[in-house]
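Reader: I am new to reading protein models. Could we go through this one by question and answer?

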Amino acid sequence: MSENKAIQSQDDVFPDPFYTLENGKIQAGKLAVIILGDHTGTKGLDHIKFHETGMDSGEHYVYDIGSEDVVKALTDYIGGAGVYTWSICNNYSRLLIETNRSEAQCITTHAEGVPIPSNVDITDEEKQRRIDAIYKPYDAAVQAQIKKVLDAGGIPVVVALHSFTKRFANLDRPEEIGVMNFGDKRMSKAMWLVSHSLGYRVEMDKPYDGRFVVDAALRRATEELLLPNVFLEVRNDLIDTPEKADLIAAFLSGRIIDAARDPSVHAPISSVTPTYTEFSADYFGRYFEAACRGERLEYGCCKCDPGPLLLPEKK
Ligand SMILES: [Zn+2]
């Protein structure tokens, strides 16, 4: 496995927005797995006066605990099984800039109710600087890699790897692995089918519903080209040491390969389910409010219910 730490950035305040890992060689007609570690990073906290928040820099929401270890181990395992693998890990905290949201929503003013001092009154210039230094290079690197795979005749499947807390506000979340999608269910369905009965509590569309996340990094990477993709959330108490992360990665790597080799995952689709903008607006805000009441905001329980979710159409 080779690691590229020397990502050049022109910005002297926010250098090196990410690093990438590569294992194997792209082969025409063969699978190529691309893994996004959107929330692996913790850099940039001083810049947002994080010490004033009263939060602990090692806690969830600053970053996704264990996700970097899982991304690294997945790259090892999947590449080691002969499937070309390329991964990207964000170096910066989502509190500095949230690459897993749209550009409009990429500055988080409140982390689960706690105001982030330097984000509440951010200037347009400062926001643009973070976008130019981190957000855009991250997207560009992913897009360039997808193009490289396609140009070489590889068959890309894109995976985002995140982690979540067992307890969120007053809500218990007993699921251990969440298999989520943004409307194109091909890969998430296959992933669930090959993993839900094998010792972990694997659930679809949990811990929250990815279909209402506007402009997640995985979505930006895959939607235009209609590439198969899956958004994985692992409960962070299962991956909070490198050894535990390795166990989960060993499990997930085999399941990702099994699912990605299912022909149905590569069946052509003509579009991805449209974004339900009305329901999506402040989806996480309402999810948090419901969790404070000990309830899980689920599809269909909300007044602005967007109607039935559509499956991707086959060509
Ligand atoms: Zn995350």
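Reader: In which hand does α4 cross α6 in this predicted model?
Author: The model is predicted. Helix α4 spans residues 186-193, and its axis lies 8 Å from that of α6. Where α4 passes α6, the crossing is right-handed.

Reader: Are α4 and α6 parallel, perpendicular or oblique?
Author: The angle between α4 and α6 is about 125°. Roughly perpendicular ends at 115 degrees, and roughly antiparallel needs over 145. The angle falls between those limits, so α4 and α6 are oblique.

Reader: Which residues of α4 meet α6?
Author: On the α6 side, the contact has Arg 255, Ile 256, Ala 259 and Ala 260. By class, the contact of α4 with α6 has six nonpolar, no polar and one charged residues. From α4 come Met 187, Ala 190 and Met 191.

Reader: At what angle do α1 and α6 pack?
Author: Helix α1 covers residues 67-80, and helix α6 covers residues 242-260. Their axes are 8 Å apart. The angle is about 50°.

Reader: In which hand does α1 pass α6?
Author: Look at where the two helices meet. From α1, the contact includes Asp 69, Val 70 and Leu 74. From α6, it includes Ala 249, Leu 252 and Ser 253. The crossing of α1 past α6 is right-handed.

Reader: How many nonpolar residues are in the contact of α1 with α6?
Author: Tyr 77 and Ile 78 are among the α1 residues here, and Ile 256 and Ile 257 are among those of α6. The contact also has one polar and two charged residues. The nonpolar count is 13.

Reader: Is Leu 252 buried or exposed?
Author: Leu 252 is found in helix α6. Count the other C-beta atoms within 10 Å: there are 25. The cut-off for a buried residue is 20 or more. Leu 252 therefore counts as buried.

Reader: Which residues does Leu 252 touch, leaving out those up to four places away in sequence?
Author: Leu 252 and Met 191 are 61 residues apart along the chain, and their C-alpha atoms are separated by 9.2 Å. The contacts are another matter. Beyond four places in sequence, Leu 252 touches Leu 74 and Leu 232.

Reader: How many residues are in the largest nonpolar core?
Author: In soluble globular proteins, nonpolar side chains tend to be buried together. Here, Leu 74 and Leu 232 are among the residues with the most contacts inside the largest core. Beyond its neighbours within four places in sequence, Leu 74 is in contact with residues including Ile 35, Leu 161 and Leu 252. The largest nonpolar core has 75 residues.

Reader: What share of the protein's residues is buried?
Author: The protein has eight helices and 12 strands. Its residues number 315. The buried share is 44%.

Reader: Where is the cis peptide bond between Lys 206 and Pro 207 found, and what is its omega?
Author: Pro 207 is in the loop between β11 and α5. The bond runs from Lys 206 to Pro 207 and is cis. Its omega is near 10°.

Reader: What is the phi of Asp 205?
Author: Asp 205 is in the loop between β11 and α5. With 19 C-beta neighbours inside 10 Å, Asp 205 counts as partly exposed. Asp 205 is not a glycine, yet its phi is positive. The value is about 55°.

Reader: What is the phi of Tyr 61?
Author: Tyr 61 is found in the loop between β3 and α1. Tyr 61 is partly exposed, with 16 other C-beta atoms within 10 Å. The phi of Tyr 61 is positive in a residue other than glycine. The value is near 95°.

Reader: How far apart in space are Arg 261 and Lys 30?
Author: Arg 261 lies in the loop between α6 and α7. Arg 261 is partly exposed, with 15 other C-beta atoms within 10 Å. In sequence, Arg 261 and Lys 30 are 231 residues apart. In space, C-alpha to C-alpha, the distance is 9.6 Å.

Methods
Residues numbered from 1 in each chain as written. Predicted model: local features only at pLDDT ≥ 70, side-chain atom pairs only at ≥ 80, totals over all residues. Axes fitted to C-alpha atoms, helices over the stretch in contact; angles between N-to-C directions. Helix = DSSP H or I, 4+ residues; strand = E, 2+ residues; numbered from the N terminus. Left-handed = near helix turned anticlockwise from the far one by under 90°. Contact = placed C-beta atoms within 7 Å. Nonpolar A, V, L, I, M, F, W, Y, C, P; charged D, E, K, R; others polar. Buried ≥ 20, exposed ≤ 12 C-beta atoms within 10 Å, placed from the backbone. Core = buried A, V, L, I, M, F, W, Y, C linked by C-beta atoms within 7 Å. Parallel < 35°, antiparallel > 145°, perpendicular 65-115°, else oblique.
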